[in-house]
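Subject: Structure handover

Hello,

Here is the structure you are taking over. Please open it next to this message; some notes on what was found follow.

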Amino acid sequence: MKIGTKIVLSLALLSSFSFAGEQFAMSDADRAMYSEMLENNPADMMVANGEELLAKYGGGEAGLAAFFNVSEEKLPAYIAGFPRYLPEFKQVVALDQALQGLMSKNGHKPFKLKSSDMYDMSAYAKSLANGQKINIDVNANKQMKAARAMGEEVYMTKRGGRGLACNSCHSPDVVGSILRTQPLPAIDGKGNAVAANWPAYRMTKSNMTTLAVRFQGCMNNALLAVIPLGSKEMVALEVYLTNEAKGSEISIPGLKR
Amino acid sequence: MQRRDFFKKVGAVVAVSAVIPAMSFAADAKKTVSKNAMSYATALNAITGGKTPTASDKVKLKVPEIAENGAVVPVTVNVDSPMTDADYVKAIHILTSKNFNARTIDIHLTPANGEAMFSTRIKLGGTQDVVAVIELSNGEFLIASQSVKVTIGGCG
Amino acid sequence: MSKSLIKIKPKKYKDGEVVKVNFMVMHPMDTGMGKDKKTKEIIPAKYINSVKFEYNGKVITTMNVWESLSVNPVFTTSMKINGAGKLSVTFTDSTGEVNEASIKIKPKG
């Protein structure tokens with residue numbers, strides 16, 4: 001008898017969940033309204049702050065181009081190829097790490113990767129590549145090849161108390177199913193192309209964040225041990241997803257829920 | 001069975017057992033009350049001075065049916081008006097039916113605006129109505145309202 | 001000092017055209033009801049309470065604002081272009097802080 005009740009209850013729950021999905025999923029009109037908000041993105045103010053910071057600590061666009069040893073004209077396309085293997089760093093680095101290098105070369109104490117100044121400055125630096133297509137080259141050298149492979153492993157490996165991988169919620173088979181009113185997004189070039197629109201303004205947090213920090217938030221919520229910022233694994237994950245979004249047009253700053 | 005019905009049944013059982021602890025909590029809970037607290041009825045009355053606003057399709061209030069995040073809910077108001085010295089929208093008032101302070105923003109316009117429109121983002125403390133009250137230059141008031149469901153969704 | 005930004009849309013406009021004015025401010029818009037997550041202390045209210053738009057010295061739009069606008073609020077209104085000059089925005093908050101921002105108005109043709 002008891003078992004019987006349990007079955008009925010779980011069936012009831014099951015059906016209620018599918019109903020809940022239909023009832024609470026946002027309409028296309030609602031989504032359109034949210035995407036219109038991109039036109040007035042509060043992050044524009046933070047990008048403007050990033051511009052001032054880069055001028056002050058890195059010699060602006062010219063300083064950045066000189067640091068990368070490219071002409072100012074070629075700077076946007078160069079930025080669109082991050083993360084890159086940089087010999088001076090002896091490792092594959094994301095754009096924010098490269099900016100740390102620039103700051104320290106200019107005699108300044110680098111901003112922490114997890115600081116609003118760094119979010120603002122890296123958003124400005126990446127926005128220089130707006131309109132460019134992501135052109136990461138994972139076959140450029142053995143370091144990039146290794147980073148992509150490691151990134152794929154990080155993406156696919158099931159971890160944590162719930163045995164979830166990034167892929168568990170973002171693989172093509174589950175993308176679009178509703179989880180707590182939100183459709184699970186594709187994060188590659190066929191979907192949101194996250195590598196092309198982060199750093200972004202997070203409306204739930206009312207601030208700007210980088211992609212790596214967003215990854216950390218996701219890991220935290222999915223009960224996975226959080227991978228440290230700037231670690232080989234974190235950069236590798238960014239390499240992997242950037243490559244999955246290769247060809248997508250860069251548009252910074254993004255605006256996210 | 002619909003989710004709501006299901007919760008109603010479960011809720012009924014829970015409610016009974018919860019009465020006693022709820023009362024004892026109430027005794028020592030210090031409730032924060034804002035000096036700005038104002039009910040919707042009081043706010044509406046303060047704006048119209050007791051006049052009853054007319055529902056009008058000249059007022060287009062655009063809010064999402066479902067807000068994906070109560071902290072940032074887009075609101076746009078457009079009013080069909082010539083915006084001339086003789087006939088213009090004097091003010092757009094945006095109210096909420098259940099926020100602790102129903103008043104959100106008053107926008108006082110002039111014919112120099114050219115069009116009667118306003119757009120912003122507001123915080124909603126929960127599912128409720130968003131209301132636009134329009135004051136015309138001839139002293140008339142128009143009104144439009146729409147309900148917004150606020151959900152806590154997604155993963156973080 | 002609150003950082004703010006004024007944008008006119010479209011970027012190129014003519015005299016007599018009605019354009020959109022987007023004004024945004026970096027501001028916490030604290031309601032006075034929220035608690036600091038770490039200290040558990042109530043964060044005192046601090047929200048923008050008035051905004052005034054002046055076009056070449058003439059007040060065209062004023063706003064009374066309360067705490068339920070979103071953090072880093074955005075205000076979008078219309079404006080009829082009526083000669084070159086300056087659009088300035090003055091905004092005050094509930095703690096008495098006053099800020100001003102402005103943008104040049106340059107109609108083409």
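How many residues lie between strand 6 of chain C and strand 7 of chain C in their hairpin, and which residue in the turn has a positive phi? Please bear in mind that this is a predicted model. The hairpin has four residues between the two strands, and the residue in question is Gly96(C), with a phi of about 95 degrees.

Phe91(C) can be followed across both pairings: Val51(C) stands opposite Phe91(C), and in strand 7 of chain C the bridge partner of Phe91(C) is Asn99(C).

Strand 7 of chain C covers residues 98-105 and includes Lys104(C). Is Lys104(C) buried or exposed? Its relative accessibility is 65%, and exposed means over 50%, so Lys104(C) counts as exposed. Lys104(C) also belongs to a positive surface patch, together with Lys12(C), Lys106(C) and Lys108(C).

In chain B, one residue to look at is Ile66(B), which sits in strand 3, residues 66-67 of that chain. Ile66(B) counts as buried because its relative accessibility is 5%, and the cut-off for buried is under 20%. The C-alpha atom of Ile66(B) is 8.8 Å from that of Ser147(B), although the two residues are 81 residues apart along the chain.

Regards

Note on methods. Residues numbered from 1 in each chain as written. Chains lettered and ligands numbered in written order. Predicted model: local features only at pLDDT ≥ 70, side-chain atom pairs only at ≥ 80, totals over all residues. Heavy atoms only, no water. Patch = residues over 30% accessible without salt bridge, like charges linked within 9 Å, V, L, I, M, F, W, Y side chains within 5 Å. Areas by Shrake-Rupley, 256 points an atom, 1.4 Å probe, with all protein chains shown as cover. Salt bridge = Lys/Arg side-chain N within 4 Å of Asp/Glu carboxyl O. Lys, Arg positive; Asp, Glu negative; His and termini not counted. Charge placed at Lys NZ, Arg CZ, Asp CG, Glu CD. Buried < 20%, exposed > 50% of the residue type's maximum accessible area, 1.4 Å probe, protein only. Pairing = 2+ DSSP bridges.
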